[in-house]
Amino acid sequence: MNDAPRSEKIWFDGELVDWDKANVHVLTHCLHYGLGVFEGIRCYDTANGPAVFRLEDHTHRLFDSAKIVNIKIGYSESQINEAIKETILANNLGKCYIRPIVFLGDNKRGINTTGADVRMAIAVWSWGAYLGEEALAKGIRVKVSSYTRHHENIFMTKAKVCGAYVNSIMAKHEAVSSGFDEALLLDPSGHVAEGSGENIFIVRNGRLKTPPLTSVLEGITRDSIMKIAHDMGLEVEEQYFSRDEVYIAEEAFFTGTAAELTPIRSLDDRILGDNGIGPITAKLQKAYFEIIHGKNPNYSKWLSYLKQA
């Protein structure tokens with residue numbers, strides 16, 4: 001049964017095509033070797049119409065990812081920004097998830113990618129809370145994974161590379177099959193790194209802590225929460241910490257485009273705080289959701305409206 005969300009049109013190599021016609025050959029290079037880069041972006045409904053959250057920052061990170069793995073995108077960042085808006089409008093969507101992906105085509109075989117065609121697609125679809133609406137309100141159960149986050153010199157950890165997410169898939173599967181909601185990966189030194197697709201924050205003694213950007217992705221939601229916290233007068237430290245520090249944290253939460261801001265209720269069956277969303281987490285979550293829905297004019301620069309208000 002195919003229950004994956006879908007829409008009508010996909011932007012594919014510069015043209016809007018029907019969803020069912022946005023196809024590639026079975027020998028597409030990315031399918032075999034995993035070399036491609038992608039982004040996850042969200043568009044939200046606001047009082048002034050649909051708006052994409054931090055569109056330019058996401059597109060810039062897509063181009064950074066491509067540069068890191070030596071893929072040249074045949075469009076400018078501004079062209080992709082407009083293509084994303086065009087795709088949302090073509091599908092008559094407001095609130096939606098956006099997936100731009102850049103990958104190598106089927107004209108090359110083997111590991112040498114010199115001369116490989118570069119393809120690009122942008123798909124959009126309606127997608128609710130990644131970990132469930134209840135998770136946003138009550139938090140989730142998390143398990144430390146037996147899989148390690150990539151070492152920064154083994155894989156390029158600043159790039160959102162398709163093949164890199166096999167590690168995340170394995171960690172997620174392990175956690176879910178064990179009865180948990182999400183996985184927490186440690187870095188090669190044993191420090192807390194991130195979730196299978198999220199950055200992590202903890203609260204210890206009233207202070208926010210998050211791992212430094214050594215082996216974790218430069219999350220745009222992570223950056224947003226850090227700026228919001230700073231504006232609230234909350235102290236945020238980028239610091240290594242161990243799994244047992246999470247066990248004794250007063251609060252913890254994941255951030256990410258898909259996960260938004262999801263509280264962590266427990267780690268390895270150790271209840272955190274009062275077994276629910278803590279006061280700092282709740283404060284940041286409330287502020288974040290007000291911002292993405294256009295209810296805080298102080299952060300209006302983070303919203304790219306599809307149409308001029």
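A salt bridge is a side-chain nitrogen of Lys or Arg within 4 Å of a carboxyl oxygen of Asp or Glu. Side chains of opposite charge can pair when their charged atoms come close. Asp223 and Arg54 meet in such a salt bridge, at 2.9 Å from N to O.

The model is predicted, so local features need pLDDT of at least 70 and side-chain atom pairs count only at pLDDT 80 or more, while totals for chains, interfaces and linings use all residues. Residues are numbered from 1 along each chain as its sequence is written, and side-chain values use heavy atoms, with hydrogens and water left out.

Start with the whole chain. The protein chain holds eight helices and 17 strands. Helices (H or I, at least four residues) and strands (E, at least two) are DSSP runs, numbered from the N terminus. The radius of gyration is 19 Å, close to the 19 Å that the globule rule gives for 309 residues, so the chain is as compact as a globular protein of that length. That radius is taken over C-alpha atoms, and the globule rule is 2.2 Å times the number of residues to the power 0.38. Along the principal axes, the C-alpha atoms fill a box of roughly 55 × 50 × 40 Å.

Now look at cover. Of the 309 residues, 51% are buried. Buried means under 20% relative accessible area, exposed means over 50%, and partly exposed lies in between (1.4 Å probe, protein chains only). The chain exposes about 14,500 Å², and carbon and sulfur atoms supply 50% of that area. Accessible areas come from the Shrake-Rupley method with a 1.4 Å probe; for residues, only the protein chains shown count as cover.

Contacts come next. A contact means heavy atoms within 4.5 Å. Among contacts between residues at least 6 apart in sequence, 70% join residues at least 24 apart.

How many salt bridges does a search of the whole structure find? The search finds 18. One of them joins the side chains of Arg6 and Asp20, at 2.9 Å from N to O. This pair links distant parts of the chain, 14 residues apart: Arg6 is in the segment before strand E1 (9-12), and Asp20 is in the loop between strand E2 (15-18) and helix H1 (29-33). Arg6 is partly exposed, with a relative accessible area of 43%. Asp20 counts as exposed at 51%.

Go back to Asp223 and Arg54, whose side chains form a salt bridge. Asp223 lies in helix H6 (residues 220-231), and Arg54 in the loop between strand E5 (51-53) and helix H2 (55-68), so the pair ties together parts that are 169 residues apart in sequence. Asp223 is partly exposed at 25% relative accessibility. Arg54 is buried at 6%. Arg54 also has a positive phi of about 50°, although it is not a glycine. Asp269 has a positive phi too, of about 65°, and is not a glycine. Asp269 sits in the loop between strand E15 (260-267) and strand E16 (270-271).

A further salt bridge joins the side chains of Arg149 and Glu194, at 2.3 Å from N to O. Arg149 lies in the loop between strand E8 (140-148) and helix H5 (165-177), and Glu194 in strand E10 (residues 192-195), so the pair ties together parts that are 45 residues apart in sequence. Are these two residues buried or exposed? Both Arg149 and Glu194 are buried. Elsewhere, salt bridges that share partners join Arg54, Asp57, Asp223 and Lys227 into one network.
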